Structure formats: C-alpha cells, structure tokens
Amino acid sequence: MNAYGKTSAPAASAPAIELVGIDKRFGAVHANKAVHLTVERGSIHGIVGENGAGKSTLMSIVYGFYEADAGEIRVGGRPMAIRSSADAIRAGIGMVHQHFMLVEPLSVLDNVMLGAEGGALLEKGEAQARRELARLEREYNLVVDPDAIVGELSVGLQQRVEILKALYRGADILILDEPTAVLTPAEASALFSLLRALKEQGKTVILITHKLNEIMAVTDRVSVMRRGEMVATLPTAETSPPALAELMVGRRVLLRVEKKEHVPGDVALAVEGLSVVDERNCLRVADVSFAVRAGEIVGIAGVAGNGQSELLEAIAGMRRPTLGRIALDGRALDPAEHGPRTLRRLGLLHVPEDRLRTGLVPAFEAFESAALGFADDPAYGKGALFDRQAMVADLAAKMEAYDVRPRDPRLRTSKFSGGNQQKIVLAREIERDPRVLLVGQPTRGVDIGAIEFIHRRLVALRDAGVAILLVSVELEEIMSLSDRILVMCGGRITGERRPHETDERDLGLLMAGVTERAA
Amino acid sequence: MDYTTLLTIADSTVRLSIPLLCACLAGLWSERSGVVDIGLEGKMLAAAFAAGAAAHASSSAVLGLLAAIAVSMAFALVHGFAAISQRGNQIVSGVAINMLAAGLSAIIGNAWYGQGGRTPPVDGAARFGELVLPGAERLAAAPVLGPFYAEVVSGHSLLVYLALAAVPVTWFVLARTRFGLRLRAVGENPAAVDTAGISVAALRYAAVTICGALCGLGGAYLAIAQSAGFLPLMTAGKGFIALAALIFAKWRAWPALGACLLFGLLDAVAIRLQGVVVPGIGQVPVQAIQALPYVMTVVLLAGFIGRAVPPRASGIPYVKER
C-alpha cells in the first residue's frame, strides 16, 4: 500500500497527528517510553517538559530525523512510515528547529526553495516561489524581502523564513521547537499572533517550550513530558503554571523566588564609560556606566547579542575594553593587571555564559573541571603535582551541598546534564567567597528543579553581602532575582528599572531600543 | 618585448594553466559541497599515469583519457568513503591519497615498463594533438587579433578546450540549477539540506565524483597532451598550487579561471626569464626564477586577496545532532 496514496479522504474528525506507543532509546538512555499523543486538527498544542524529558526527541521522530524503535505515527488518521524528513514533508509536516536550518550566505528565496525547487533549472521555480511568497505575505502578513541574504537578517526575520519554508512546502502541521528563546517580547507576541492566524486557516501547530506563560497564552491543549514519558494532556484552560510545573518536575516547585528587602552596602563594582570593540571592529559595548553595591543583584536584560556578553567578558578580564574604567571596592583596576587571575585574587569571580565553551572542559573528569582557575590552590597539592585525592574529596563535598547528580567526581564532565554541569561551575566559583560575582545565563538549558536551587543560592549569596551582576536573556529570571534592572540594546544601556515598577512590556520596549526620550 | 614574444608567453600561459584549472575546478566542486580535498595532486598524478599506460597499451588517446578519469574517480571515491561515510579526517585522507598515488605510480610504472617509472613515449593517435581552429591560418595575416587567434586561441589540444569549457559549465550548474543550489547549501549547512529532505551523502558523493573526473582530465592533459608519456611526479605540486588558486578565487568558477591564468603566466614568465641577464643583477639563477610562482602564491595569499571565507561546513563531517 502506498502510504501517501490519496485513496480515502481523511475523516473530518480525525486528529491531525496521533502517536501510538512511540519508543526510542539512545544507547542506555530511554528517551521516549511508549509515548501516546493526540493533536487535534486546527489547534495549537503545547508540549512542556524539563530538558531531557524527551520533547525534542519525540518531535524529531515525527519529523523523520530519527526513526522510532517502536510505535506508530498516524497523520490525519492514516498510519505513516516517516523515515526521513522528505517523508515528513510529503505528509504535510513542517518543523521550525530551535537552531535554524538556514543556509546563511544564500538568499531568502534560495532557502525557501531548497528541496522544493520545482525543476532541474532554478529559473522557473524562482518565479513560482516569488508568487507563492507574495501570497503567503498577503495571507499571513509575513513580510520578508525574498532577495535579502539570510545571514544579514535579524533572528526574528530568520525565524519567519523558517516558517515560510514550511508553509511553502504545504505544511498543514507546524512544529516549533522553543521558538521564543531568541526573540524579544514584541517579536514573540508577533509570532503568537501568526500562530493564531495559522490556526484560523485550519493549520495545526505544535509548540515545544519550557516557558509556562507562553503555554497559557497561546495553546488550546497542553501535554507534559517527564523523563521520556507523557504524563498528562490537559485543556490549557483547566490548568495553571504551578500545576504544570508540578507535573513537569514530579513535585511542588516554587516559581517565585522568595527574598527579603535588600540592604545595599558600599559600591563593590563600578564600571565607567566602558566601550568594547570586537575582533571585527564592531562597537559591541558603547559607553556603559553602572555600579553594583554589596548585597545587591543587578540584572542586565536584553535580547541575546546586544553587547551583554561582551560587557560581561570585559569585566571578567576575558576581553580587553577599548575605553573606560573598572573599579573594585573603589580601587581602579590597572588594565595591565586586569586578567582573570588577578580578578580571582581580588574576589571577583565569574560564572560564564557558555559553560561548555568557557566554564568547563567537557572531556575532563568533573573534579578537574571543578578545579579550573584554582589549580594553584595549595589545597589541591603542593609543587608540580596535584593531590588528586584532595581534589576529588573537595568536589565530593560540593556535590553534596549542591545536590549534583550523579555524585561522582570522577565522571567525565560531559556526562552530566546541563543543570548539574551548571551546579558544578556555580559551586566552584561561589565556594571561593566572592566579593563580586558575575553570572551569565545561570539557568540556560537547566531544568526547573535546578533553576529553583540556583536562584535560591544566588539570593542567599546576595543576602550574605555579595555584589552580583546577573546577565540573562530570560526576562522572568531578571525580574524575579534583580534588585535593579539595566536593559541593554545595541551595546548601550537603554534604561534602568526597579523590578516592582516595571513589567515585561515596559522592559520589552527598552530591549527593542525604545528609550524614554524617543517615545 | 615585441608582440610575437607576448603571444608566445600568452600561448604558454594557456598551456601551463590548464592542469591548474582542472585541479582548481575539481577542488571547487569538492569544497563547495563541504569536502576538503588536498588529494588533488595525488589524483592528478594517478590519472596521468593511467592515461600514459592506457594510451600506450591501446594507442588511443580517448581511451587514455577515459582510463585517467576512471582511476581518478576511484581515488575520489576512496576519499569520499573516508570523508563522507566514515566521517574521517579529510586532511589525513587527502595526504594518504597523495602518498599512495606517488608510490603506486612509480612502483607499478617500474614493474611494467622498467624505465625508471616512466611510461613508454606515445605519439600519433595515442596523444591529443593540436587542433587548428577554423580560419586560424587565413586570419593569421590579419593585424593584431589575427595572430592572437592563430597563436593563442587556436592550436591547443581538445583537452584544453574541454577544461576551459568546464568553467562556464561549473558556473552555470552551481548558480542556476537545482543540483547547484543544493550543493552550495550542503557546503554551508548540511543540516538545512538534511531537514529539507535531501540526502547529504548523495550530494557530497556526487561532488567528489565530479572532482575526480576533473582531476582525471588534468592528469590526462599532463601525460598525453602536454607531454608524450607519464613521468614520475610530473604533477610537480600543481595540485597544491590549485588549492592556493582556489582560495585566491574565493571558491568561484570565473575567478578560478583568472587565478589559474595568473599562476600560469608566472610560470610562463619564469621559463622565459631563464638565462636572461637582468641589468644590475646579472644572470638570475634558474632556481630563483622557478621559485617565483611559489613566492607569488605566498605573497598573494598573505595579503592581496582580502578575506577569503571558505564554505562554512567544509572539512566537517556531517553527523546528525544528538
């Protein structure tokens, strides 16, 4: 039988997608355990779960990126053999991946046509693609210049190209994997209006996310995954964020961070007129000044790529500022001695944004990763040789205190989950009694349970009088942790707010560069 | 320098740049698909040997060419298997191909013919002779352009015209066809190609096969068009200069022709300058002049071409994530 034959029209009531007993293992990891899922036609269906819960694996199976070990996929009521992305596309399934599948040096038109060129020569297909793009533009208000080079577009526009690609191939079912991770709040709400418009046209949308407020805002039904299993599917109207969080983690979770009124002390870190020009001669940080007091968390909000990373690196001594001064405890740092080593000695510690590239060495055993930057600590051995026993014991104690799982200091760093790796970095830096702590994206790719732990730890540190500079692209995190919020856009600070005097809309405007003066 | 001298230099520029051009376009196809190939030299050498041996055995230049292409494609598929299917290190595989080709051609050549690795000289139908283009003799008398047509454009072997024709063909296929679009995409972001439902491996195998065919053309030209038989190590580093030309041309077809002609010109001038007494310096040593193209390569690559960004995925085996 031809799986794609048009022998019988699907019954009007048949669900868009049904997954029956999908099972998938990667070696020892049981990523999907007999998963059942029914997605109604013409609905927006959310899938939530912690990292590693199996959401992305499940959707990759639906999109033909992996093949399930067991189970059946039914599209429109008919069983389908989806062995490759080509099969999925033929079955009317489109996917917008978290990391865009775009060819950056090519034009929007070329990207849209790739794989659906409409003939051996491009010319005829190009004319047709232009007409079709114009139609989609009218129908969904999806405006993108077809001749623009994709690599030069903003992230929001690139995502639009991904959606256009799927629609151009005639997708009836659109899967979006963490689509808002890279968007400003304004771009995210534009995306949600688009999803609603698609739903009105009868398309089915599957939204994978870990942001519960997005689930509440846009979905009709929501499914929760935990450790490879589908634990619940509920109408969104009948649930709430705390209930979903509990389902995801398997226990009660505190979504709001409890914290006392802060008691700021003296200025611990002062930054004056800091500018950073990068390797490509681009001005990434432009004349930024601020101060962080002891016992205070200052959060820097902004869409990724607006200079926060460079600012953090410049303060941490990983990147040389082009202009400006940095002072610790009122003492200006000599640029010549401004390096990570000196800064550590002066009590400025750093949890870098990208734990796998700068925070840890994935190939090292955990206890080695946990000693990075402190290798000359006499506790780790005298002379040229390490006292490995002492290093292992040191990390074992920290693993206990930070609930790192598994508690094996000899396990290779890359074998830990994202949340546990992050705890190893945090433990390494925090346990050195910082006066100033720089923290970049502390909960990126970290499960809800671990997020709760990390947040409480940071607040405890602040109550103990540490000055904390927090850089995060998660607005919720910035709003719930910070005592003061600075917003960066295009390398400049576009505004300062107190968390109780602001909301996501207000911060979103600042993140998009709309300042008070311009308004 | 009179016009006749210029024409002679132009003529030898064309002749000398053809093997470079074949190898450069071969590298272009391979690298645009994301497979780095430093084995161009080895493939060309193996092809030259195959051309010499087959032409000698069959007394047919065409069979020599086909043998060259077949052997070169076989080497290309070995590289493809290592780089695409086995996800091996593409540099190591390329180096292995170079060493294998140099060793095998010398040993087999010596075993078969006992002439120090050479293949027996061939002539007549076993070589690609020089074609006289229509009207070349009649137009030779015409001023300026006439001799240019007769000397530089006309009077090359079929393989020269094939190699030159490969430039617009390469450009057209890459820029204007479905296959070309997919090939450009797979060299930049294979995951995008994979998720579009296209086989990454099939595209890359197609590209390395084309690469093999072009190296075969270059090898056959060296052995049975430019020369009259195979000589050990007769490629003399042209496969590596071609890689330099490829970077110089920023992985594009028409600039590749320009780059290869420039390197060919340097070679032609170097040959011309041998034994010439330069005022104030005296006779320039032959070695210094022969080094000229290589010195220029270093100078050009070091400073004169601006940023040359290779295809982003080149050299990286494609593995599905997670």
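**Chat about chain A**

Q: How many helices and strands does chain A have?
A: Chain A has 17 helices and 20 strands, where helices (H or I, at least four residues) and strands (E, at least two) are DSSP runs numbered from the N terminus. This is a predicted model, where local features need pLDDT of at least 70, side-chain atom pairs count only at pLDDT 80 or more, and totals for chains, interfaces and linings use all residues. Residues are numbered from 1 along each chain as its sequence is written, chains are lettered from A and ligands numbered from 1 in the order written, and side-chain values use heavy atoms, with hydrogens and water left out.

Q: And what box do the C-alpha atoms fill?
A: Roughly 75 × 55 × 45 Å, taken along the principal axes.

Q: How much of chain A is buried?
A: Buried residues are 53% of the 519 in chain A; buried means under 20% relative accessible area, with a 1.4 Å probe and protein chains only.

Q: New topic: where does A:Ala427 sit?
A: A:Ala427 is in helix α14, which covers residues 418-430 of chain A.

Q: Is A:Ala427 buried or exposed?
A: Buried, because its relative accessible area is 2%.

Q: Which residues does A:Ala427 contact, leaving aside neighbours within four places in sequence?
A: A:Lys398 and A:Tyr402, where contact means heavy atoms within 4.5 Å.

Q: What about A:Arg457, how far is that from A:Ala427?
A: The two are 30 residues apart in sequence, and their C-alpha atoms are 9.9 Å apart in space.

Methods
Buried means under 20% relative accessible area, exposed over 50%, partly exposed in between (1.4 Å probe, protein chains only).
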